[in-house]
Amino acid sequence: MENIKIGIVIQGSLVSQGIDCVNNCNELVDIYSKSPFVSKTVLSTWEGEDTELIDKRAVVLKSRPVLGEDIRNRQKQFLSTFEGVKFLKNNSDVTHILKLRTDQFVPIEIIDEMVLIYKKDQYDCKFFSQPLTFCYINRTIPFHIGDFFFAGKVSDMYKFLFNILSFESFNFQGAVEVDV
């Protein structure tokens with residue numbers, strides 16, 4: 001079993017639907033930085049966002065906003081998440097990534113769940129080296145997998161997001177996770 005080192009990618013705008021998310025981001029940085037499993041935290045947001053008040057323990061990345069059609073902000077979400085994953089892949093020793101949102105609080109106990117899931121030595125996965133973990137599955141909508149937070153091995157998260165972004169703003173169906 002490899003030592004699990006988790007990188008946190010907090011993705012999104014610092015003002016979401018009129019709500020100031022800076023305090024939430026700083027609280028996430030603070031609580032997750034206390035976990036012995038968390039190695040690095042990245043806030044991945046947009047050019048033009050005021051990040052002056054963001055906790056300095058987080059690396060701040062700013063991407064160019066997506067232009068053109070962006071159904072339900074998918075491209076925006078996946079682009080900023082991809083930038084955070086790419087940064088951690090190239091600039092840290094993290095083995096796994098947990099993607100969070102700027103406008104949602106996810107308790108630190110999710111780290112314990114990740115360690116339980118990813119400490120196994122072998123997995124039966126066809127496309128990834130380990131399973132990707134999502135926050136929920138909606139059984140009333142076929143193939144709908146929640147993306148409020150999700151996690152996986154760095155290389156698998158990179159591959160997952162790269163494939164989604166390869167199709168730009170083309171919308172195959174309502175459940176993007178099935179399109180990969």
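In α1, the buried residues are Val22, Asn24, Cys25, Asn26, Leu28, Val29, Ile31 and Tyr32. Buried means under 20% relative accessible area, exposed over 50%, and partly exposed in between, with a 1.4 Å probe and protein chains only. Their cover includes β1 (6-11), β3, β4 (38-46), β5 (58-63), β6 (96-101) and α3 (109-118). Contact here means heavy atoms within 4.5 Å. Helices (H or I, at least four residues) and strands (E, at least two) are DSSP runs, numbered from the N terminus.

This is a predicted model, in which local features need pLDDT of at least 70 and side-chain atom pairs count only at pLDDT 80 or more, while totals for chains, interfaces and linings use all residues. Residues are numbered from 1 along each chain as its sequence is written, and side-chain values use heavy atoms, with hydrogens and water left out.

Helix α1 covers residues 22-33, twelve residues. From first C-alpha to last, α1 reaches 16 Å, close to the 16 Å expected at 1.5 Å a residue. The expected span is 1.5 Å times one less than the number of residues.

**Cysteines**

A search of the whole structure finds zero disulfides; the criterion is a pair of cysteine sulfur atoms within 2.5 Å. Cysteine 21 is in no disulfide, and the nearest cysteine sulfur, that of cysteine 25, is 6.1 Å away. Cysteine 25 is likewise in no disulfide. Both sites are buried: cysteine 21 has a relative accessible area of 2%, and cysteine 25 has 1%.

**Loops**

Serine 13 lies between β1 and β2. A polar atom of the serine 13 side chain lies 2.8 Å from the backbone oxygen of valine 15. Such a polar contact is a pair of N or O atoms within 3.5 Å; within protein, one must be able to donate a hydrogen and the other to accept it, and residues adjacent in sequence count only if both atoms are side-chain atoms. Leaving out residues up to four places away in sequence, serine 13 touches Cys21, Thr45, Trp46, Glu49 and Thr102.

Glutamine 17 sits in the loop between β2 (15-16) and β3 (19-20). Glutamine 17 is not a glycine, yet has a positive phi of about 50 degrees.

Leucine 53 is in the loop between β4 and β5. Leucine 53 touches Val22 and Asn26, not counting residues up to four places away in sequence. Leucine 53 and asparagine 26 are 27 residues apart in sequence and 8.5 Å apart in space, C-alpha to C-alpha.

| Residue | Relative accessible area |
|---|---|
| Glutamine 17 | 78% |
| Leucine 53 | 67% |

**Strand β4**

Seven of the nine residues of β4 are buried, so β4 is largely enclosed by the rest of the structure. Six bridges join β1 to β4, and the two run parallel. Strands pair if DSSP finds at least two bridges between them. Isoleucine 10 has leucine 43 in β4 as its bridge partner. Six bridges also join β4 to β5, again parallel. There, threonine 45 stands opposite lysine 62 in β5.

**Whole chain**

The protein chain has five helices and ten strands. Of its 180 residues, 44% are buried. Among contacts between residues at least 6 apart in sequence, 69% join residues at least 24 apart. The accessible surface comes to about 9900 Å², of which 52% belongs to carbon and sulfur atoms. Accessible areas come from the Shrake-Rupley method with a 1.4 Å probe; for residues, only the protein chains shown count as cover.
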